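I am opening a notebook on a structure that is new to me. My plan is to look up one thing at a time and write down what I find.

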Amino acid sequence: MKNYFMRHLQVLFYSLGQLARTPLASLMSLLVIGISLALPAVLYVTLENIQQLSTGWGGNAQVSVFLKHGTNDADARALAAQLQQHEHVSVVQYIDPDAALAEFKQHSGFGDALDALDRNPLPGVLLVEPAENTSAAQLDELVETLGTLPQVDLAQLDMKWVKRLKALLEIARRSVLLLGGLLAVGVVLTTSNTIRLAILNRRQEIEIMKLIGATNAFIRRPFLYSGWFYGLFGGTVAWLLVTGGLWALAEPIQHLVALYGSDYRLAGLSAPASLVLLGGGALMGWLGARIAVSRHLAEIEPR
Amino acid sequence: MIHFHHVSKRYPQGHDALKSVSFHIDDDEMVFLAGHSGAGKSTVLKLISLIERPSRGECMINNKNVMKIPRWRIPYFRRDIGIVFQDHKLLMDRTVFDNVSLPLVVAGHNHREISRRVNAALDKVDLLNKAKLLPVTLSGGEQQRVGIARAVVNKPAILLADEPTGNLDERLSDEIMDLFAEFNQHGVTVFIATHDLRQLKRMQKRVLQLHQGELVFDSLEQPL
């Protein structure tokens, strides 16, 4: 058993040495793989950041709570004060029916027609501003709660833009997955081709190995390790590209965010995401090598 | 040790390389396989090392019927056979030591065992002082000796050689042949394909002669 691990360790370092033997060619392959992996990683980070930002959208959303007719000012103000205590509520503003009518007259242009009415048709309204960092689900819940209050006729949230954003994010997420999948196939093919060339370059050596009793598993091993290294180092290149890019962009983005009066901090690749990037890269590389090896190693037989 | 019973080999293109060849070689023998190029010498060696399979007939090597050895067992089968090639087939980017150690590495021996046996093999072919060199820096005769060391390092039961002296001058050829004879004295079955008539006369060993795929002469039956 110890022998077995020793042999694997030897092959591991041998494959590493093979990569170092042709530094330029290896570097080119690593860059191709790295860039392929960096693209979906960049999109992923962008998406994560947009999502992070949009969870704090409470500041912009407003719930209009229409009170039942006949609710007097005192009751309305009491309710406003009560709602103010709610954990997801930031500010509650009461607009009494008279004020609402005055505003409506002023903005709608129906002033004369409204004068013809013998009584004010508008209900009292509470404008509820959700607290910052209220999630979409919490917002829904809040609107529902407000709607069931006895004094309330209707609680309404203009959800359109929120829903649109959500839909957009969903499309973006799918696109990242699709693109990631395609580029992963690209990485597999790139490594597969690199390993194929390595196999053909060492055709004679492989023939000799077979003649002196090397099993296919033995001959395969260094190539699989090479593929694994290509993927792993390619993933590292991708990680460096993404992290470097974020580092370069951090300052202007911080500046932009500051202009919006937010203290949002740009999120980079998290530890799990980095692991996925490196592990996924290594897996793709190994898979590519595996494909090349299974196709070309059997063809090479001593003659 | 090597037993051919009416063995024929026809290649896919329809060329008959061997026609019903029968012979038997015992454990302690050293035998030469003679004949012009194209007579079928290489085919015989390929059948023994399982590079090719017979089209007809029975071929027993080391008490194993080659037809009954599945593909995946071939590497293990080959570990009992040492092969010396005319063009040496050395790995030019590895040292003499690494070349000779290859059969042991492949078979999964441990580090200490490998260095002990490689040094013993290199000592036998008198190249211990060149272990750290690359094969390109060696002369043709030395490269051939590296090939021989690699073939015997695994202590195989059978030693095959395909024109081992083809590119060497007389003095080096004599050296190489004497080396083979020495291994034979240590109990290894040695089977050498050659058209070097001088060596056949000099060594005075059994000779099998092939002509156009047929065994036309066996000195065991018809002494020279």
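**Entry 1: a helix in chain A**

I started with helix H6 of chain A and looked up its buried residues: A:Leu139, A:Leu142 and A:Leu146. I note here that the model is a predicted one.

What do the buried residues of H6(A) pack against? I found E1, E3 and E4 of chain A.

I also checked the length of the helix. H6(A) has 13 residues, which should span 18 Å at 1.5 Å a residue. Its end C-alpha atoms are 19 Å apart, and I record that as agreement.

**Entry 2: the sheet of chain A**

Next I looked up the sheet itself. It is open and has four strands, in the order E2-E3-E1-E4 of chain A, and the pairing is antiparallel. Strand E2 (89–95) and strand E4 (152–157) stand at the edges. Each has a single partner strand, so one side of each is left without a neighbour in the sheet. From one strand to the next, the twist averages 20°.

I picked one pair to follow. Strand E1 (residues 63–67) and strand E3 (residues 125–130) of chain A run antiparallel and are joined by four bridges. In this pair, A:Phe66 stands opposite A:Val125 of E3(A).

Which helices did I find on this sheet? Helix H3 (residues 73–84) of chain A packs on it and touches E1, E2 and E3 of chain A. The direction of H3(A) makes about 170° with that of E2(A). Helix H6 (residues 136–148) of chain A lies across E1, E3 and E4, at about 165° to E4(A).

**Entry 3: where the chains meet**

I moved on to the contact between the chains. Chain B gives 14 residues to it and chain A gives 13 residues. On the chain B side, the elements that give two or more residues are helix H2 (74–78) and helix H3 (96–107). H3(B) gives the most to that side, with four residues.

**Entry 4: the six-stranded sheet of chain B**

In chain B I looked up an open sheet of six strands. Its order is E6-E7-E8-E3-E9-E10, with mixed pairing. Which strands stand at the edges? They are strand E6 (81–84) and strand E10 (214–218) of chain B. Each has a single partner strand, so one side of each is left without a neighbour in the sheet. The twist averages 20° from one strand to the next.

Strand E9 (residues 206–211) of chain B runs antiparallel to E10(B), and four bridges join the two. Here B:Leu208 stands opposite B:Asp218 of E10(B). Helix H5 (residues 140–152) of chain B packs on this sheet, where it touches E6 and strand E7 (158–162). The direction of H5(B) makes about 170° with that of E6(B).

**Entry 5: single residues in chain B**

Is B:Thr43 buried or exposed? It counts as buried, with 23 C-beta neighbours inside 10 Å. B:Thr43 lies in helix H1 (residues 41–48) of chain B. Leaving aside neighbours within four places in sequence, I found B:Thr43 in contact with B:Lys9, B:Ala17, B:Leu18 and B:Glu52. B:Lys9 is 34 residues away from B:Thr43 in sequence, yet their C-alpha atoms are 7.9 Å apart.

B:Asn63 belongs to the loop between strand E4 (56–61) and strand E5 (64–65) of chain B. B:Asn63 is exposed, with 8 other C-beta atoms within 10 Å. Its C-alpha atom is 8.0 Å from that of B:Ile2, 61 residues away along the chain.

B:His6 has a phi near 50°, a positive value in a residue other than glycine. B:His6 is in strand E1 (residues 2–10) of chain B, and it counts as partly exposed, with 14 C-beta neighbours inside 10 Å. B:Gln204 has a phi near 55°, also positive in a residue other than glycine. I found B:Gln204 in the loop between helix H7 (197–203) and E9 of chain B. B:Gln204 is exposed, with 9 other C-beta atoms within 10 Å.

Terms used: Residues are numbered from 1 along each chain as its sequence is written. Chains are lettered from A and ligands numbered from 1 in the order in which they are written. This is a predicted model: local features need pLDDT of at least 70, side-chain atom pairs count only at pLDDT 80 or more; totals for chains, interfaces and linings use all residues. Two strands pair if DSSP finds at least two bridges between them. Axes are lines fitted to C-alpha atoms, for helices over the stretch in contact, and angles run from 0 to 180 degrees between N-to-C directions. Two residues are in contact if their C-beta atoms, placed from the backbone, lie within 7 Å. The expected span of a helix is 1.5 Å times one less than its number of residues. A residue is buried if 20 or more other C-beta atoms lie within 10 Å of its own, exposed if 12 or fewer, and partly exposed in between; C-beta atoms are placed from the backbone.
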